[in-house]
Amino acid sequence: MKNLKFLILLLTFYSLQSGAQNLRVKIFSESQFNSLSTEAIHGNYQIHSPSGYIAEYNEGQSLHLQLNTSKKLHLTKNGEFLGLFDTLFILQSNHQDYLKIKPEGKVTIKPRQYEGDFEVTANQRGIQLLNLVFTESYLEGVLRSEAGTRCAKEYYKVQAIISRTFAKNNVDKHEKDGFFLCDAVHCQAYYGRYNGESKAINEGVKDTYGLVLVDSAGKSFPTFFSANCGGQSAETDQIWNVSLPNYVSRPDTFCIHTRQANWEQYIAKKEFLEYLSKNFFFDLNDEFLVYKALNFEQKQRKTFFIDPSLGIPLRDIRAAFNLRSTFFSCEPVGEKILLKGKGFGHGIGLCQEGAMEMVGQGKTYNEILKFYFKGSKLSTSAFPINHW
Ligand SMILES: [Zn+2]
Ligand SMILES: [Zn+2]
């Protein structure tokens with residue numbers, strides 16, 4: 001049995017290399033840590049190194065891993081020393097098993113629960129933890145992390161389809177680092193397993209099992225999403241340096257009265273103008289130009305500040321001042337500038353708050369996907385494996 005499980009793991013590795021069923025997700029990817037503890041919450045686990053079986057690890061028992069000075073993993077189980085290793089595999093006995101992991105870094109890192117198997121290695125930054133997890137189980141975790149636990153089932157169906165499509169389209173995003181996706185917003189937020197907080201999450205994934213979005217030629221459709229588009233979606237070249245023909249800006253009346261529809265932020269005039277002058281040769285002696293900057297207006301989404309000829313991308317201003325969106329207008333108020341903005345996030349693709357509003361108005365997931373991803377259609381992917 002021990003060897004069988006390990007054989008399955010090896011086969012899984014081969015199948016991953018040849019086109020993939022299980023996902024390899026780097027977890028706690030934004031944290032740095034040299035030690036961690038883990039506790040089996042449900043089910044039994046086995047610990048293996050590349051040369052074979054090491055030990056069992058059962059419900060309620062805990063493991064501790066610490067990087068020593070020669071970058072080896074120092075492994076103990078319930079306080080008992082089990083050896084020094086370069087790589088360890090922690091393997092579940094069946095798909096319902098899950099465990100808790102608590103990394104121990106300089107700053108406190110909250111523990112999280114995970115299903116699936118684990119690969120633990122040392123790298124330059126400390127311990128690297130990979131979660132080998134079924135797509136549909138990963139998706140439940142993504143839905144919980146990206147949308148919270150309080151949405152309606154119909155909304156989770158929408159999010160499940162676009163997150164499944166995203167995972168399918170991006171399995172090579174971290175290929176050079178030896179895994180598929182990270183667990184941060186860079187890929188999709190995945191902060192552990194769905195803990196049964198909302199049946200709607202589970203049903204949303206189940207009811208759309210295997211469904212992904214494709215374009216009219218049957219090719220994968222890029223599925224971006226953000227919290228609120230501010231009433232008009234952005235085109236990809238306004239935010240990134242790529243132009244994707246699938247995305248044409250369109251109005252969205254569903255999100256304009258929702259929670260994150262509007263924002264305001266004050267910036268000192270001096271700071272704002274100095275930023276422009278320092279980074280974009282903006283002439284502070286040109287009174288007309290300064291007036292234009294202080295009274296910049298965006299009725300429709302623009303790509304550049306004031307005028308394209310000045311070459312000041314709005315996305316740069318957003319990043320520099322940590323703004324909620326690039327969709328803002330300016331107004332001078334004393335020594336400050338008041339930025340009045342719309343939306344939250346890049347505004348490309350699905351608008352989460354708009355989609356939630358559409359669900360509230362009785363629209364189906366199909367209608368919502370058609371609205372936000374024009375020209376897309378649903379297709380069944382061979383990609384996922386269920387874990388139920
Ligand atoms: Zn990533
Ligand atoms: Zn919107």
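1. Cys229 is buried, with a relative accessible area of 1%, where buried means under 20% relative accessible area, exposed means over 50% and partly exposed lies in between, for a 1.4 Å probe and protein chains only. Asp252 likewise counts as buried, at 1% relative accessibility.

2. A word on the basis of these remarks: this is a predicted model, in which local features need pLDDT of at least 70 and side-chain atom pairs count only at pLDDT 80 or more, while totals for chains, interfaces and linings use all residues. Residues are numbered from 1 along each chain as its sequence is written, chains are lettered from A and ligands numbered from 1 in the order in which they are written, and side-chain values use heavy atoms, with hydrogens and water left out.

3. Cys229 (SG) and Asp252 (OD), together with Cys255 (SG) and Cys351 (SG), coordinate the zinc ion (ligand 2) at 2.1 to 2.4 Å; donors are N, O and S atoms within 2.8 Å of the metal (3.2 Å for Na, K and Ca), and as water is not among the atoms, sites may look incomplete. The angles among the four donor atoms run from 103 to 122°, and the site is tetrahedral, a label given to four donors if all angles lie between 85 and 135 degrees. Along the chain, the donors of this zinc ion follow the spacing C-x22-D-x2-C-x95-C. Cys229 sits in the loop between strand E15 (225–226) and helix H5 (236–239), and Asp252 in the loop between H5 and E16, so the pair ties together parts that are 23 residues apart in sequence. Helices (H or I, at least four residues) and strands (E, at least two) are DSSP runs, numbered from the N terminus.

4. The zinc ion (ligand 1) is held by His174 (NE2), Cys182 (SG), His186 (ND1) and Cys187 (SG), at 2.0 to 2.3 Å. Its four donor atoms subtend angles of 100 to 117°, which makes the arrangement tetrahedral, and their spacing along the chain is H-x7-C-x3-H-C. Since His174 lies in the loop between helix H3 (153–169) and strand E13 (181–182), and His186 in the loop between E13 and H4, the pair ties together parts that are twelve residues apart in sequence. His174 counts as buried at 12% relative accessibility, whereas His186 is partly exposed, with a relative accessible area of 48%.

5. Aromatic contacts also deserve a comment. Rings of Phe, Tyr and Trp (its six-membered ring) pair if their centres lie within 6.5 Å, and planes under 30 degrees apart count as stacked, over 60 as edge-to-face and the rest as tilted. By this rule there are 21 aromatic pairs. Phe224 and Trp240 form a tilted one, 4.8 Å centre to centre with 55° between the planes. A tilted pair is also formed by Phe296 and Phe305, at 4.6 Å centre to centre and 55° between the planes; Phe296 and Phe305 are both buried.

6. Helix H8 (residues 314–321) has Leu314, Ile317 and Phe321 as its buried residues. They cover an arc of only 55° around the axis, which puts them on the same side of H8; the arc is that of the directions from the helix axis to the C-beta atoms. These buried residues pack against strand E16 (262–268), helix H6 (269–280) and strand E17 (328–333), contact meaning heavy atoms within 4.5 Å. Phe321 also belongs to one aromatic cluster with Trp263, Phe272, Tyr275, Phe280, Phe296, Phe305 and Phe328. Just after H8, Asn322 takes a positive phi of about 55°.

Conventions: Tetrahedral: all angles 85-135°; square planar, octahedral: opposite > 155°, others 65-115°.
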